[in-house]
Amino acid sequence: MRWEDLFADLELQWEAAEAAELDAEIADRTRREAGYLRLLDRLRPAVGAEVRCLLRGGPAAGSAAVTGRLTGLGVDWLLLAEGGPAEVLVPRSSLLAVRGLPAVSAQPGHEGRLAARLDLRHVLRGLVRDRVACAVALLGGGQLTGTLLRVGADFVELAEHPLGEFARRGEVRSGWTVPLEGLAFIRRG
């Protein structure tokens, strides 16, 4: 009887050690795989969900917060629908933190070739094409209003005018050239 108890006890110890080793290996692999995740992979499953973003470029160069439904994203930007026609284009470089992401992540590198190439400049060129009046928040805390005129490799040009007016030659006060690194966010609608 004693030998059977001893062997049963040894078998239980062996199974417990194997289970602990497997748990440690799974935890190690999980940590290692999380190291390959990019912010883009965390954001992709949240498309369609309500998120809150803290951004650089708020009042007096502090931070600003925007909340909305994540409707689109690219390698270096995300788009939030704030409700109604208002949308906020957020360069990833101005993003400080995001709340409201699901627990799951998308698989790294599977966003597709087209999505991988649609950077912030492509989205800004769409705003230029549509001649959309917008408010441009700067990282320094300032804000410009007007219509985007041209997008370069690392800058955007804006014809300054009040929102609600069209960019007419006589009514445009002046133009601004803004480095893309200086953008906090762009709101339209």
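Me: How many cavities of 30 Å³ or more does the count come to here?
Reply: In this predicted model, the count comes to one cavity of 30 Å³ or more.

Me: And which elements give two or more residues to the lining of the largest cavity?
Reply: Two elements do so, namely helix 2, which covers residues 39-43, and strand 3, which covers residues 77-83. Helix 2 gives the most to that lining, with three residues.

Me: OK, what volume does the largest cavity have, and which residues line it?
Reply: The space in the largest cavity is about 40 Å³, and the residues that line the cavity are Leu-39, Leu-40, Leu-43, Gly-74, Val-75, Asp-76, Trp-77, Leu-78 and Arg-92. Sorted by type, the lining of the largest cavity has six nonpolar residues, one polar residue and two charged residues.

Me: Switching to pockets, how much space lies in the largest pocket?
Reply: The largest pocket holds about 150 Å³ of space. Its lining is made up of Leu-79, Glu-87, Leu-89, His-122, Val-123, Gly-126, Leu-127, Ile-186, Arg-187 and Arg-188.

Me: Where in the chain do those lining residues come from?
Reply: Strand 4 (86-91), helix 4 (120-130) and strand 10 (183-188) each supply at least two residues of the lining of the largest pocket, and helix 4 has the largest share, with four residues.

Me: How does the lining of the largest pocket divide into nonpolar, polar and charged?
Reply: Five residues of the lining of the largest pocket are nonpolar, two are polar and three are charged.

Me: Let me step back, how many helices and strands are there in the protein chain?
Reply: The protein chain has four helices and ten strands. Read from the N terminus on, the order of the elements is α-α-β-β-β-β-β-α-α-β-β-β-β-β.

Me: What share of the residues is buried?
Reply: Of the 189 residues in the protein chain, 32% are buried.

Me: Last one, why does Glu-160 count as buried?
Reply: Glu-160 counts as buried because its relative accessible area is 14%, and buried means under 20%. This residue lies in strand 8, which covers residues 155-160, and the side chain of Glu-160 makes a polar contact, at 3.0 Å, with the side chain of Trp-176.

Note on methods:
Residues numbered from 1 in each chain as written. Predicted model: local features only at pLDDT ≥ 70, side-chain atom pairs only at ≥ 80, totals over all residues. Heavy atoms only, no water. Buried < 20%, exposed > 50% of the residue type's maximum accessible area, 1.4 Å probe, protein only. Polar contact = N/O pair within 3.5 Å; in protein donor to acceptor, adjacent residues only side chain to side chain. 1 Å grid on protein atoms, 1.4 Å probe; cavity = no way out; pocket = protein on both sides within 12 Å on 5 of 7 lines; lining within 4 Å. Points joined across faces, edges and corners; volume = space filled by probe spheres on them. Nonpolar A, V, L, I, M, F, W, Y, C, P; charged D, E, K, R; others polar.
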